[in-house]
Amino acid sequence: MTTAPSTTTALDGLLTALATGAATVVDLTAPLSSETPILQLPEPFANTIPLSLETVSDFDADGPFWGWHNIHTGEHTGTHLDAPTHWATGRDGLSVDQIPPARLVGPAVIIDFTAEAEANPDLLLGPEHFEAYVAEHGPLPEGAWLLFRTGWSKFSRDAEAFANADENGPHTPGVSAEGAQWLAASSISGFGVETVGIDAGQAGGLEPPFPVHHFLLGADKYGLTQLQNLDRLPRTGAVIVVAPLPIVGGTGSPARALAIVPA
């Protein structure tokens with residue numbers, strides 16, 4: 001009796017690549033602490049809260065063999081995912097616990113405007129920027145996560161520099177209304193940024209206000225914020241894994257974002 005030769009599966013290949021160093025895991029997540037910058041909306045709007053930890057026990061009389069905390073924070077704090085229900089245009093869509101897991105894993109595609117954002121913090125990407133990318137590199141893969149590299153994560157431990165605000169509000173790069181419509185009509189699953197939110201700092205003055213939220217979340221696509229280490233990813237060829245908490249009814253969640261990158 002003969003035995004069919006064993007076949008190396010794709011998952012076997014991935015595990016081997018990770019074990020041998022042919023692939024590595026890059027953490028794209030900003031550390032989450034009480035110092036993590038959060039979005040600051042002007043009055044009269046309400047704001048979310050930063051992270052704080054409440055001690056339940058600390059190897060003491062309340063728990064002699066264990067330490068643990070209660071977590072106090074908002075859904076949209078630090079590196080976090082925006083679900084469709086976060087925005088008026090998606091309010092009848094999926095909450096974070098309902099997002100199909102397969103939509104949270106996909107090709108990572110980097111669109112790099114670091115130099116342009118350094119020269120102009122109010123940089124807005126329009127359809128022409130995305131179409132130029134496609135013309136040079138080909139269509140965006142189905143289910144991809146388009147990650148907008150700006151270098152802004154270098155400010156992530158300095159809340160004032162991260163907001164880059166003056167009397168006219170924050171100044172951070174983002175996407176125009178027309179660019180947001182282009183993304184909403186594309187094949188991507190999500191759009192990720194290094195800034196505090198998926199819209200530009202001045203997006204409240206665009207029409208419609210906060211167009212990335214408006215168009216993408218209304219089109220059943222997802223946002224991912226406050227990413228780091230995008231400079232360690234190739235333009236294409238990496239896989240991203242986005243892992244929000246499945247908060248029942250949640251409009252979003254702090255998330256761990258990891259990229260599997262070929263060496």
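On the cut-offs, buried is under 20% relative accessible area, exposed is over 50%, and partly exposed is in between, using a 1.4 Å probe and protein chains only.

What you see is a predicted model: local features need pLDDT of at least 70, side-chain atom pairs count only at pLDDT 80 or more, and totals for chains, interfaces and linings use all residues. Residues are numbered from 1 along each chain as its sequence is written, and side-chain values use heavy atoms, leaving out hydrogens and water.

Back to N229. It sits in the loop between strand 12 and strand 13. Helices (H or I, at least four residues) and strands (E, at least two) are DSSP runs, numbered from the N terminus. N229 is not a glycine, yet its phi is positive, about 65°. Q226 has a place in the loop between strand 12 (222-224) and strand 13 (238-244). Its phi is also positive, near 50°, and again this is a residue other than glycine. Why flag these? Most residues other than glycine have a negative phi, and most peptide bonds are trans. Q226 counts as buried, at 3% relative accessibility.

Where are the cis ones I want to show? One joins E43 and P44, with omega about 10°. P44 is in the loop between strand 1 and strand 2. Another cis peptide bond joins E207 and P208, with omega about 0°. P208 is in the loop between strand 11 and helix 6.

Now T36. It lies in the loop between strand 1 (23-27) and strand 2 (52-60). T36 counts as buried, at 8% relative accessibility. Which residues does T36 contact, leaving aside neighbours within four places in sequence? They are P31, G78 and Q226. Contact here means heavy atoms within 4.5 Å. The T36 side chain also reaches the backbone nitrogen of S33 at 2.8 Å.

Next, S156. C-alpha to C-alpha, S156 and T36 are 7.4 Å apart in space, but 120 residues apart in sequence. S156 is in the loop between strand 7 and helix 4 (159-163). It is buried, with a relative accessible area of 10%. Beyond its neighbours within four places in sequence, S156 contacts P37, F162 and Q228. With Q228 there is a side-chain to side-chain polar contact of 2.8 Å. A polar contact is a pair of N or O atoms within 3.5 Å; within protein, one must be able to donate a hydrogen and the other to accept it, and residues adjacent in sequence count only if both atoms are side-chain atoms. The S156 side chain also reaches the backbone oxygen of S153 at 2.9 Å.

One more loop residue. A83 is between strand 4 (80-82) and strand 5. Its relative accessible area is 0%, and it is buried. Leaving out residues up to four places away in sequence, A83 touches L94, S95, V96, I99, L217, G250, T251 and G252. A83 and L217 are 134 residues apart in sequence; their C-alpha atoms are 6.8 Å apart.

On to the helices. Helix 3 (residues 127-137) packs on helix 5 (residues 177-184) at about 45°, with the axes 8 Å apart. That makes the two helices oblique. Axes are lines fitted to C-alpha atoms, for helices over the stretch in contact, and angles run from 0 to 180 degrees between N-to-C directions. Under 35 degrees is roughly parallel, over 145 roughly antiparallel, 65 to 115 roughly perpendicular, and the rest oblique.

Who meets whom? From helix 3, P127, F130, E131 and V134 meet E178, G179, W182 and L183 of helix 5.

Helix 3 buries P127, F130 and Y133. These cover an arc of only 130° around the axis, which puts them on the same side of helix 3. The arc is that of the directions from the helix axis to the C-beta atoms. On the other side, A135 and E136 are exposed. Just after helix 3, G138 has a positive phi of about 100°.

Helix 5 buries A177, G179, A180, L183 and A184. Down its axis they fall within an arc of 160°, so they line one face of helix 5. Their cover includes helix 3, helix 6 (211-218) and strand 11 (190-193).
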